[in-house]
Amino acid sequence: MALPHVNVDQLREERYILGEKTLIGLLENCPKNQVIGDNLVRAWSKINSSKYEKIVCSISGGSDSDVLLDICTKCDKDNKIEYVWFDTGLEYQATKDHLRLLEKKYGIEIKPYKAIKPIPLSCKKYGQPFISKNVSEMIDRLQCHGFHWEDEPLDILLPRYCAWSVKKQDWVGCKGALMWWCNANKSPRFCIKFNKWLKEFMIESPPTFKISSKCCKYAKKDVLHKLVSEEGYDLNIFGVRKAEGGIRGTSYKSCFDESKECDNYRPLFWYVNSDKEDYEKYYGVTHSQCYTEYGLKRTGCAGCPFGRYFEQELKIIENYEPKLFVAVNNIFGESYEYTRKYKEFCKEMDAKKRNK
């Protein structure tokens, strides 16, 4: 039975004013948006669960990351989260400045971690990114097996580029990449035809430089795996939204998954653009000068050829960070030119199709 002299409402208010984080206080002061409200309850539950003693959260300095950080600092009542940033070797100065501001704003430390292999070195050794991670990975596998960009059916190409495994009773080598090339996968997303005219273009103009997605692997993915293993984190928090689309957005089915080594939680997973905008406006989330001054729509590795609008990004980089402009052209120059050639080829093929 509650004591008659205790004013529960006043106690709740005092606890919130004094800075003690409570779920009730959090929900009483949140926007009228069901997705955001549900998300805050879920984030509070995951972050403050007794199951997790040591949590890591990857911060990039991008706009999604800004919302992610705000959610985490609001929900982490015992300050269990450690924030990290992966220095890929190709970052905007505006992003670096923004990270320092975030540290001051939230009273946290965002620990920087160097890439296992910086992007410039990785691209020189393994190859440059082209169109997307999946496309680059498939081309990389084919190049490693000396592929000649032949317009042949799968049953002809398999024995030509793969070896038969008696143990597995299957072809081994670059079978998956050949299936991509021959449009033999069930999902169009994992077929070369997903990128219009790409197969026709590569048959006519085979790449003369190495293509690979390994720059992402050595600059971010492997750094995180090494960190989780060495530091013993039991929950990994990062900012992926399903609405992003692409391989990154569709490779997960929900906001959470369990793993033997470390569970993974994606607080922004169910946010669409309007939810993100509601959150930003209500809580006053601000972004780096990459967005507010440069006019970029996305950040990440500067000038990455994976970006659909890399040409516009290059103009912005040249204007605001000219030294970085020289660097990205030295690193990705061949990929830029090959992409431009591919886009021109698409225009020509579309025109021919219309005029038939």
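The expected span of a helix is 1.5 Å times one less than its number of residues. Keep that rule handy for the first close-up, and bear in mind that this is a predicted model.

**View 1. Helix H5, checked end to end.** H5 has 14 residues, so at 1.5 Å a residue it should span 20 Å. Its end C-alpha atoms do sit 20 Å apart, in agreement with that figure. The buried residues here are Ala94, Thr95, His98, Leu99, Leu102, Glu103 and Tyr106. Their cover includes helix H4 (63-75), strands S2 and S3, and helix H14 (289-292).

**View 2. An open sheet of 6 strands.** Read across, the order is S3-S2-S1-S6-S8-S7, and the pairing is mixed. Strands S3 (110-114) and S7 (256-257) are at the edges with a single partner strand each, so one side of each has no neighbour in the sheet. Helix H5 (residues 93-106) packs on this sheet, touching S2 (81-87) and S3, and its direction makes about 150 degrees with that of S3. Helix H11 (residues 214-231) packs on the sheet too, in touch with S1 (55-58), S2, S3 and S6; its direction makes about 145 degrees with that of S2.

**View 3. Strands S6 and S8, side by side.** S6 (residues 235-237) pairs with S8 (residues 263-265) in the parallel sense, over 3 bridges. Zoom in on Leu235 and you'll find its bridge partner in S8, Asp263.

**View 4. Inside the largest nonpolar core.** This core holds 36 residues, and Ile71, Tyr83 and Ile237 touch the most other members. Two or more residues come from each of helix H3 (34-47), S1, H4, S2, H5, S6 and helix H13 (273-283). The top contributor is H4, with 6 residues. Take a closer look at Tyr83: leaving aside neighbours within four places in sequence, this residue is in contact with Cys57, Ile59, Leu69, Cys72, Thr73, Ile108, Glu109, Ile110 and Lys111. There is also a second, separate core of 30 residues, with Met138, Cys174, Cys182 and Phe345 among them.

**View 5. Ser288, a buried loop residue.** Ser288 lies in the loop between H13 and H14. Its relative accessible area is 2%, and buried means under 20%, so Ser288 counts as buried. Which residues is Ser288 in contact with, leaving aside its neighbours within four places in sequence? They are Gly61, Asp66, Ala94 and His98. Of these, Ala94 and His98 are buried residues of H5. For scale, the C-alpha atoms of Ser288 and Gly25 are separated by 29 Å, and the two residues are 263 residues apart along the chain.

How values were computed: Residues numbered from 1 in each chain as written. Predicted model: local features only at pLDDT ≥ 70, side-chain atom pairs only at ≥ 80, totals over all residues. Heavy atoms only, no water. Pairing = 2+ DSSP bridges. Helix = DSSP H or I, 4+ residues; strand = E, 2+ residues; numbered from the N terminus. Contact = heavy atoms within 4.5 Å. Axes fitted to C-alpha atoms, helices over the stretch in contact; angles between N-to-C directions. Buried < 20%, exposed > 50% of the residue type's maximum accessible area, 1.4 Å probe, protein only. Core = buried A, V, L, I, M, F, W, Y, C linked by side-chain atoms within 4.5 Å.
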